[in-house]
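Thanks for making time for this one.

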Amino acid sequence: MNWLAHLYLSEPTPAFRIGNLLPDLARVSMLAHLPAEFHRGMAQHHRIDAFTDSHAIVRRSILRVDAPFRRYAGILVDMFYDHFLARDWSAWSPTPLTDFTTEVYTSFDTHGALLPPEVCERLAQMKAGDWLCSYGDLPALAQTLGRIGRRFRQPVPLAESIATLERHYEEFRADFNAFFPELRAHVGAAQPPAALGKSP
């Protein structure tokens, strides 16, 4: 799962939420000094990823990704699923997405002094570009995928994979709607009060 889902599935404390992002932002050796609440969030990040990566529905989504992007299908499906979470947020949470993300972005500023500079820079970019809310918009999602593709040693035009999402849109959406309740149940008590909505 990508960042919006990780945050949604976090316990509703700033350190836990940020911790749930950190494995994607920094090496473990850079994070050893952080307080225990960050490490609890980091551990949940790995539990979410392990459950997701081994799930049959997610594997089915991965098989929907066409060549030449199949090699990057895990990344793409994570992003596609965040698209559906953002798009249908009101069906999953009683808290408006903009209120939720504003709270998350504010926590970046209040906890920045504890985090490595590289992490602070990425979090500042996320906040400035409002990445979390933008996932629900297909053109903005394409921009995000383009940005990810440029980070590879050999750049990959991942923005073009939006055509795959559009071609199989309802199938990907059905996969997400079938999978996400199972992931939410797997996380269990760590689910935040802001995320107690009904599934679509």
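By class, the residues lining the largest pocket comprise eight nonpolar, four polar and six charged ones. Please keep in mind that what we are looking at is a predicted model. The volume of this largest pocket comes out at about 310 Å³, and of the 18 residues that line the pocket, those closest to its centre are Asn2, Trp3, Ile75, Ile148 and Arg151. As for the helices involved, H1 (3-8), H3 (36-53), H5 and H10 (138-149) each supply at least two residues of that lining.

Helix H5, residues 73-87, also packs with helix H4, residues 56-64, at an angle of about 110 degrees and with the axes 9 Å apart. H4 and H5 are therefore roughly perpendicular to each other. On the H4 side the contact is made by Ile57, Val58, Ser61 and Ile62, and on the H5 side by Ala73, Gly74, Val77 and Tyr81, which by class gives six nonpolar, two polar and no charged residues.

Let me turn to the other pair. Helix H7, residues 97-111, and helix H8, residues 117-128, pack at an angle of about 150 degrees, with their axes 10 Å apart, and because angles over 145 degrees count as roughly antiparallel, H7 is roughly antiparallel to H8. The crossing in which H7 passes H8 is left-handed. Tyr105, Phe108 and Asp109 of H7 make this contact together with Leu123, Met126 and Lys127 of H8, and the residues of the contact divide into four nonpolar, no polar and two charged.

Key:
Residues are numbered from 1 along each chain as its sequence is written. This is a predicted model: local features need pLDDT of at least 70, side-chain atom pairs count only at pLDDT 80 or more; totals for chains, interfaces and linings use all residues. Side-chain values use heavy atoms; hydrogens and water are left out. Axes are lines fitted to C-alpha atoms, for helices over the stretch in contact, and angles run from 0 to 180 degrees between N-to-C directions. Helices (H or I, at least four residues) and strands (E, at least two) are DSSP runs, numbered from the N terminus. Angles under 35 degrees count as roughly parallel, over 145 as roughly antiparallel, 65 to 115 as roughly perpendicular and the rest as oblique. Contact means heavy atoms within 4.5 Å. Ala, Val, Leu, Ile, Met, Phe, Trp, Tyr, Cys and Pro count as nonpolar, Asp, Glu, Lys and Arg as charged, and the others, Gly among them, as polar. On a 1 Å grid over the protein atoms alone, a cavity is a set of points where a 1.4 Å probe fits but cannot get out, and a pocket is an open set with protein on both sides within 12 Å along at least five of seven lines; lining residues have an atom within 4 Å of a point. Grid points are joined across faces, edges and corners, and a volume is the space filled by probe spheres set on the points. A crossing is left-handed if the near helix is turned anticlockwise from the far one by less than a right angle, and right-handed if clockwise.
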